[in-house]
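Hello,

Here is the structure we talked about handing over. My notes on what turned up in it follow below.

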Amino acid sequence: CIRDRVNKHMFYTSLAVIWLKLMGKRVFLQTDTFPGIVWFPKSKIVKLIMVIYAWTLGWLILKLADKVILLHEGLISTAKKLGLNWTVIHNGVDFEKIKNSPPAKDLLPKAKNEIRVIYVGRLESVKGYYDYLKVAQKMNNSYPNLKFYLAGDISNKQQIVKKYQSKQIIFLGHRDDIFSVLKTMDIFVLPSYSEGLPNALMEAMASGLAVVASNVGGVKVLVKEGQTGFLFSPGNLSQLEKKLLKLFKNPILRIRMGQKAQ
């Protein structure tokens, strides 16, 4: 029995589903979201193109797959509406690798009473990283013991770096030792406007960090409000600031929430 596995239905590689089916092979397609159906970019033009594709060629690719593997339960209702042959197989993280990763030496020592917050991910508009930076900049003067870190490729974002970088807002750039970086942090923020099942969030939770994340996509499957983290509405900066303040001012809550998240 010959099987092939394809990731998502929006990448160029997903077109292989049509060719593979013509060859008589069985195809499994896995996805953590449905782009153009429940996941959308910030650009209106790109969104329109994505929606048109999703309900034409993308839908055909999904229907042709012998099995669509959903990475979390939040996609079940959509899969049913689309009439797909689906099953749920959870994604995960390498706990042993996280456990055995030493703290990043260049981020030590940590000053007394210093609280560190971090965003990890692509610097794309849909990720909402600029919301994180706006909140960080606003809180700088009032909370001098806070440090806000951002880990992600900044090679094409020098204007952003110039605008926000300070003693309390640190751009780490691309890192290959992200587990080691997380070992030196206290709080993780994910301010995305659309998400599937974010690996960065899972890795932060597995590292024992308290998390504050926007209530989108698979995030609400991972984060239980007030238990394993805090949720806020995407783009709502006042909610994000309020949830961060709860963790800043309550170290016991911060530690307990990180432990439950892990």
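A residue is called buried here when its relative accessible area is under 20%, with exposed meaning over 50% and partly exposed in between. Please keep in mind that this is a predicted model.

Helix H5

The buried residues are Tyr129, Tyr130, Asp131, Tyr132, Leu133, Val135, Ala136 and Met139. The elements that cover them include the strands E5 (115–120), E6, E7 (169–173) and E8 (187–190), together with the helices H6 (158–164) and H10.

Aromatic pairs

A search of the whole structure gives six aromatic pairs. One of them joins Tyr129 and Tyr130, with 5.5 Å centre to centre and 70° between the planes, and is edge-to-face. Tyr129 and Tyr130 are both buried.

Tyr143 and Phe248 make a tilted pair, at 6.4 Å centre to centre and with 50° between the planes. This pair links distant parts of the chain, since its two residues are 105 residues apart. Tyr143 belongs to the loop between helix H5 (129–139) and strand E6 (146–151), and Phe248 to helix H10 (residues 237–249). How do the two compare in burial? Tyr143 has a relative accessibility of 21%, so it counts as partly exposed. Phe248 has a relative accessible area of 8% and is therefore buried.

Ring pairs also link Tyr119, Tyr132, Tyr143, Phe148 and Phe248 into a cluster.

Charges over rings

Lys42 lies over the face of Tyr193, 3.8 Å from the ring centre. Lys47 has its charged end over the ring of Phe40, at 5.0 Å from the centre of that ring.

Helices H10 and H11

Two packed helices are described by the angle between their axes and the distance between the axes. For H10 and helix H11 (residues 251–261), the axes come within 5 Å and cross at roughly 105°. H10 is therefore roughly perpendicular to H11. On the H10 side the contact is made by Lys246, Leu247, Phe248 and Lys249, and on the H11 side by Pro251, Leu253, Arg254 and Met257. Of the residues in this contact, five are nonpolar, three are charged and none is polar.

Ile187

Ile187 is in strand E8. Its relative accessible area is 0%, so Ile187 is buried. Which residues does Ile187 touch, leaving aside its neighbours within four places in sequence? The contacts are Ile115, Arg116, Val117, Ile118, Leu209, Ala210, Val212, Leu244, Leu247, Phe248 and Arg254. Among these, Leu247, Phe248 and Arg254 also take part in the contact of H10 with H11.

His9

Is His9 buried or exposed? With a relative accessibility of 0%, His9 counts as buried. His9 is found in the loop between strand E1 (3–7) and helix H1 (16–22). Not counting residues up to four places away in sequence, His9 touches Ser14, Leu29, Thr33, Phe34, Pro35, Tyr53, Gly58, Ile61 and Leu62.

Regards

Technical notes:
Residues are numbered from 1 along each chain as its sequence is written. This is a predicted model: local features need pLDDT of at least 70, side-chain atom pairs count only at pLDDT 80 or more; totals for chains, interfaces and linings use all residues. Side-chain values use heavy atoms; hydrogens and water are left out. Rings of Phe, Tyr and Trp (its six-membered ring) pair if their centres lie within 6.5 Å; planes under 30 degrees apart count as stacked, over 60 as edge-to-face and the rest as tilted. Buried means under 20% relative accessible area, exposed over 50%, partly exposed in between (1.4 Å probe, protein chains only). Helices (H or I, at least four residues) and strands (E, at least two) are DSSP runs, numbered from the N terminus. A charge sits over a ring if NZ of Lys or CZ of Arg is within 6 Å of the ring centre and within 35 degrees of the ring normal. Axes are lines fitted to C-alpha atoms, for helices over the stretch in contact, and angles run from 0 to 180 degrees between N-to-C directions. Angles under 35 degrees count as roughly parallel, over 145 as roughly antiparallel, 65 to 115 as roughly perpendicular and the rest as oblique. Contact means heavy atoms within 4.5 Å. Ala, Val, Leu, Ile, Met, Phe, Trp, Tyr, Cys and Pro count as nonpolar, Asp, Glu, Lys and Arg as charged, and the others, Gly among them, as polar.
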